[in-house]
Amino acid sequence: MNTNTILSKELLDLSIYAFHKKRTPERERAFSALLNFSTPYTHRSASALTSMVIDSHFEVHWGGKRVKMSGVGYVASYPEYRGNGAIRGLMTELLRDNYEAGTVFSYLAPFSYEFYGKFGYHYAFEQKLYRLPAQDFPQGRRTIGRVSREQISSKEHATDGAVSPLMSSSETLTDLMKIHESAYNKGSLARSVEQWHYYFEYKSQPYFAVYREEGKALGYLIYEFSGMDFVIRELITLTDEAKQGLYRFIASHAGAFSEVVWQAPSDVTLEQDMREPQHAKISLLPYMQARIVNLDAFLESYGPPDFPVEIIDEILPENNRIFGEGQPEKMSIGEFTAKILRKEQAILREYF
């Protein structure tokens, strides 16, 4: 067993213990796929792994281009080693490495907002949770295009319920990627091919439906079934016709499900398309924290802020700066990040 394989097993063992997961072949494959675009930071005692943080290397849409983003996850320690300062050391090392690499942002889904506030992160993103009776989902309408159920990793797909000739998985994935890239994505991930496969083959195995007109893909739906819930994982449409076509596809499932559930980006307004919006339960959920890692790299794509501010970064003091005229408002690097992301109406499509 080589060194990388041993480390991967140690990391998986800790993640399973810390997050109360069951060991399955699917989880092992997903974890291995994650490590292909991630860097693990580890702490050891007498050669035994005690703590870890995994830094996944992403890009996000910002300022009309893609910039580097560090996605922090799998922050864990065995219970007998908690409180020894190892996580603080790993987080500091991770942020320092990303600063040197010119990474603009770092995101994480916190178990404690206060805890990660010590590392300069701040609450920056929400998600909008919809739960509504299936019969109350917008009915949509017949359109000039058609919806087909497809897969990104198999040799057959079905169209309108009947087996049809294969649309190759590479073509389907290319269409999904084009739609995803064409939608409003400021602040969201620019998924690589590898990350599409990680999320939708290894980490989960959802269904896909694509709306096309004359062969051109104009919208897609990623969805799952959970008991009596029809769960929308992602719904992106580039035209009203595509939206109506995919709404009709979802509504056609009403007889088989009790509710439709969608944990959507914060800018979604499904209620405006409902006949009876009062029947929906809609919640705004606090979601990810964020921080700017390398302020100079951020300013290259954004320019200086248009308000007086004194930025304080206790982890990366190179980011300490004063901007603007007049009395500056003192902000942590995370508070400054959150203000900018909200000001720019950034959204986060990701749900992992």
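Start at the second largest cavity, which has a volume of about 40 Å³ in this predicted model. Color them by class and you will find eight nonpolar residues, one polar residue and no charged ones. How many cavities of 30 Å³ or more are there? The count comes to two.

Next, pick out F105, Y107, F125, F298 and F336. They belong to the largest nonpolar core, which has 63 residues, and they touch the most other members of that core. Now highlight strand β2, residues 48-62: with six residues, this strand gives the most to the core.

Stay in this region and center the view on F298. Which residues does F298 touch, leaving out those up to four places away in sequence? Show W62, V104, F105, I292, G303, F336 and I340 to see these contacts. For a separate stop, select L132, Y211, A264 and L270, which are among the 26 residues of a second core. As background, nonpolar side chains in soluble globular proteins tend to be buried together.

Finish at S112. You will find S112 in the loop that runs between β4 (105-108) and α4 (113-117). Zoom in on its side chain: a polar atom there lies 3.0 Å from the backbone nitrogen of F115. S112 and R82 are 30 residues apart along the chain, and their C-alpha atoms are separated by 15 Å.

Conventions: Residues are numbered from 1 along each chain as its sequence is written. This is a predicted model: local features need pLDDT of at least 70, side-chain atom pairs count only at pLDDT 80 or more; totals for chains, interfaces and linings use all residues. Side-chain values use heavy atoms; hydrogens and water are left out. A nonpolar core is a set of buried Ala, Val, Leu, Ile, Met, Phe, Trp, Tyr and Cys residues joined through side-chain atoms within 4.5 Å. Buried means under 20% relative accessible area, exposed over 50%, partly exposed in between (1.4 Å probe, protein chains only). Helices (H or I, at least four residues) and strands (E, at least two) are DSSP runs, numbered from the N terminus. Contact means heavy atoms within 4.5 Å. A polar contact is a pair of N or O atoms within 3.5 Å; within protein, one must be able to donate a hydrogen and the other to accept it, and residues adjacent in sequence count only if both atoms are side-chain atoms. On a 1 Å grid over the protein atoms alone, a cavity is a set of points where a 1.4 Å probe fits but cannot get out, and a pocket is an open set with protein on both sides within 12 Å along at least five of seven lines; lining residues have an atom within 4 Å of a point. Grid points are joined across faces, edges and corners, and a volume is the space filled by probe spheres set on the points. Ala, Val, Leu, Ile, Met, Phe, Trp, Tyr, Cys and Pro count as nonpolar, Asp, Glu, Lys and Arg as charged, and the others, Gly among them, as polar.
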